[in-house]
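Open the model in your viewer and keep the selection tool ready.

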Amino acid sequence: MLHDHQQGSGSPELLAPAGSPEALAAAVAAGADAVYLAGRRFGARHYAANFSGEELRSAVDYAHLRGVRVYVTVNTLIRDAELPDVARYLLWLYESGVDAVLVQDTGVASLAREAVPDLPLHASTQMAIHNREGVVRAAREGFSRVVLARELTLSEIEDIAADAGTQGIGIEVFAHGALCYCYSGQCLLSSVIGGRSGNRGMCAQPCRKPYRLVTAGTDDFGRPKDLRVVPAEDRYLLSTRDLSVYPRLDLLARTPVASLKIEGRMRSAGYVATVTGIYRRALDAIAAGEAWSPSREDMRDLALAFNREFTEGYILGARDIMARDRPGNRGVPLGTAIGYDPRRQEAAVRLTGDLAPRSGDGLAFCTDDPEEDVGAVVRGAPAVRRGIVRLSVPAPVAVGARVFLTRSADLEERAKRVMEKPLQPLPLDVTVAWEDGTPCLEAVIDPTGGEPLRVRYRPDLRMEPARSRPLTGEQIAEQFGKTGGTPFAIRNLDLRYPGGLFAPLGELNRVRRTFLERVKEAVLAARRPGPDAVQPARERTGAAIAGMERPAGSHRKPRLPSVSVYTDTLEGAKAAVRGGARTVYLEPCTPATRGLLEEAAACREEGADLVWKWPSITRRDFIDAATPLLPSLYDAGVRGVMVSGMGAADAVRRAEPRLALFGAAGLNLWNHRTAAELAPLLRCTASPELPADDLAALAESFGSTPELEVLVQGNIEAMVTEDRLATTVSGEEFLGLQDGRNRVFPLRCDGEGRTYIANAVETCLIDRLPRIAGMGIDAVAIDARGRGARYAGDMARLYRAGIDAVGRREPGVLPGLKDEVKQRALGGITGGHFVRGIEE
């Protein structure tokens, strides 16, 4: 199998998307070094065409015969019940010769290491790895590459690559395409709104919907009162621009980045051909030492392929990340509407650049309200007179409407030519020598840039001495030199013909065809594991599946869980402890040592533990500021630190190993194998996306460590983003986003200004406590951040009362407690995924 493209190996790999067989062919034709694609299950783009099993195997062979690597995405979160199928799938991918798999679920990664350890692993961007410690851990856990979070800057990436612990692991970054508003793998917004989970490949893209920013005062429970809309021209507050590093590609090409990734598995083959081709030509020119500069024509073609306006992204320090005015394709400006004839349904457009519409082009007539945009397709060949063109438009357009070219027939034709052009064949050096009249053929081929491959073939043809007209060397060379219909071309033909022999030309052709087929089989076999590797992998996979069918968990006994409370104030922490909380996760806006010390003492007096809740995202500045505080906090009685990433956990452990580690929901605990990977933690939170049956299965197969906690109350954190939306309005007690159905999603920001968006409706599982206790769950958690001390105290008291009622076998108490919860809730209450599950 091909080794991973490592950092520091020259020009970075160009990695293109292949959401369909057509897009795969386009990527290969346009010059991609590698492609990433998915099967019909376990990939994070459920709505792409993707590949059936037969198509995927054919795709791997197609790419490998053309020297292109194939990475397969297995980057969704996996339920316990699905793990056996995932194990079989990983084995099948290994046997098929894929060059790597991208994974999000740490349990899947551990399964791959156990069953198919020779299958290279890439850490998907869905793992949200965003610090040096996270990359070091990935390297230690056997990953050969990490796709870093899109939010990292180039200086952070270079710092990560320079660390001794990251040597030998490839760094991959996104170079072009759509940007997620939230850190990938941390977004639950689509899931909590409509049950379509981005972590299962089914994101409904609620970030492209309109919202209004609202503010308010708050009542005693932190709920908004007297909502006011913040005046703003733009409505698409969560909509990002598209990334394009092309203008500064020469800068990125000189960095220790192993791979530049083009996003777009939902895009057309024409899009893939256009974008891949532009980046390929640019990277080749840069690698050749040419004085490369971005081409105006290329920039226009990238925009015509698709754009929501371009940004150079966080990676290059851009500040223009957002495109809040409209969420769709911008195309390229064409002109301005100066009139409309309703009788002819014809708009007059004054052109403002050097582009003119042609038949088959797509147009958009845009006003300030995207919902009033009008689309049109150009028919015929419109004439341009004095810079004005008249175009047929099916609906009235306003004078002054901006006109954009959103689909270019010319660009599509050029992309089609790229896809139709003959592919660069693999060169063969062929020697033909005769043994007892038999032409024995040997090919030397170097399909991967590694060790040359030798293929020998002795056919069943024995040429006889000619009676009258022997074949000449030129005739034989002509037959053996043909390669039409194959991915090969004869570069050198060494014909050692003794002369004087004869065989029908058809027989020579048969020998050549069989020989080239043998070469093809040898090239593909060289990219697949051999029988000596496959059989042990099958045995390991079978053993892993058998172990999952008979889990070695403790088969947890029912127990009464303790109560934990998240809060962001000292007052909230004190109220939670008075209400019966045994653990308080305190997330102050800044590393406030005095407050943590004060609350640690107060918790200790009440027999409770104080845990410092770190932000969901812990980049270098935070880690460097926070870790020196840990020894003194432990000495003062702080019980531990709660983290959302294992890189942060390693930073804590290195700075103060005596502190206990607690895992937040951001660790995406979906299955028992992930739990085993998190065993160094004292306690970990199950994913709030798990339905009750899946949570029960997780608990059933769970060992005694770490302890298992479930979020039972509060507005679930649904997004974390580098966008400073929550800092645009100051001095307000409450800030939120209001959608088109008037649901209000609370906003808050952490000490570094990062914005968090919570669900508009509170999760409430107080009436489900008997089921939760029956699963053997160790603790239940209430999220009271942003809700004030009274909410924290009351909710802790109500859940403590509910747990006590379960212990007394008095479930009739719970409906009354649920009513009390509802009276304090923000946006109403829901049983969430625990009750309704997620869409499949």
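**Stop 1: a threonine on a helix.** This is a predicted model. Select residues 531–549, which form helix 14, and pick out Thr 541 within it. Is Thr 541 buried or exposed? Its relative accessibility is 2%, and buried means under 20%, so Thr 541 counts as buried. Now show what touches it. Setting aside residues up to four places away in sequence, Thr 541 meets Ala 87, Arg 88, Leu 91 and Ala 115.

Stop 2: Move to helix 6, residues 154–162. Colour Leu 154, Glu 156, Ile 157, Ile 160 and Ala 161; these are the buried residues of the helix. They lie on the same side of helix 6, because they cover an arc of only 160° around the axis. Turn to the other side of helix 6. Ser 155 and Ala 162 are exposed there.

What covers the buried residues of helix 6? Select helix 5 (132–140), strand 7 (170–178) and helix 8 (249–253); the cover includes these three elements.

**Stop 3: the cores.** Go next to the largest nonpolar core, which has 161 residues.

Centre on Val 72. Leave out its neighbours within four places in sequence. The contacts of Val 72 are then Leu 37, Ala 38, Leu 56, Tyr 89, Leu 93, Val 98, Ala 100, Val 101 and Leu 102.

Stop 4: Clear the selection and switch to cartoon. The chain has 25 helices and 39 strands. Its C-alpha trace spans about 110 × 75 × 45 Å along the principal axes. The radius of gyration is 31 Å; a compact globule of 840 residues would have one near 28 Å, so the chain agrees with that.

Colour by accessibility. Buried residues make up 58% of the 840 residues.

Last, look at the contacts. Take those between residues at least 6 apart in sequence: 73% of them join residues at least 24 apart.

How values were computed:
Residues are numbered from 1 along each chain as its sequence is written. This is a predicted model: local features need pLDDT of at least 70, side-chain atom pairs count only at pLDDT 80 or more; totals for chains, interfaces and linings use all residues. Side-chain values use heavy atoms; hydrogens and water are left out. Helices (H or I, at least four residues) and strands (E, at least two) are DSSP runs, numbered from the N terminus. Buried means under 20% relative accessible area, exposed over 50%, partly exposed in between (1.4 Å probe, protein chains only). Contact means heavy atoms within 4.5 Å. The arc is that of the directions from the helix axis to the C-beta atoms. A nonpolar core is a set of buried Ala, Val, Leu, Ile, Met, Phe, Trp, Tyr and Cys residues joined through side-chain atoms within 4.5 Å. The radius of gyration is taken over C-alpha atoms; the globule rule is 2.2 Å times the number of residues to the power 0.38.
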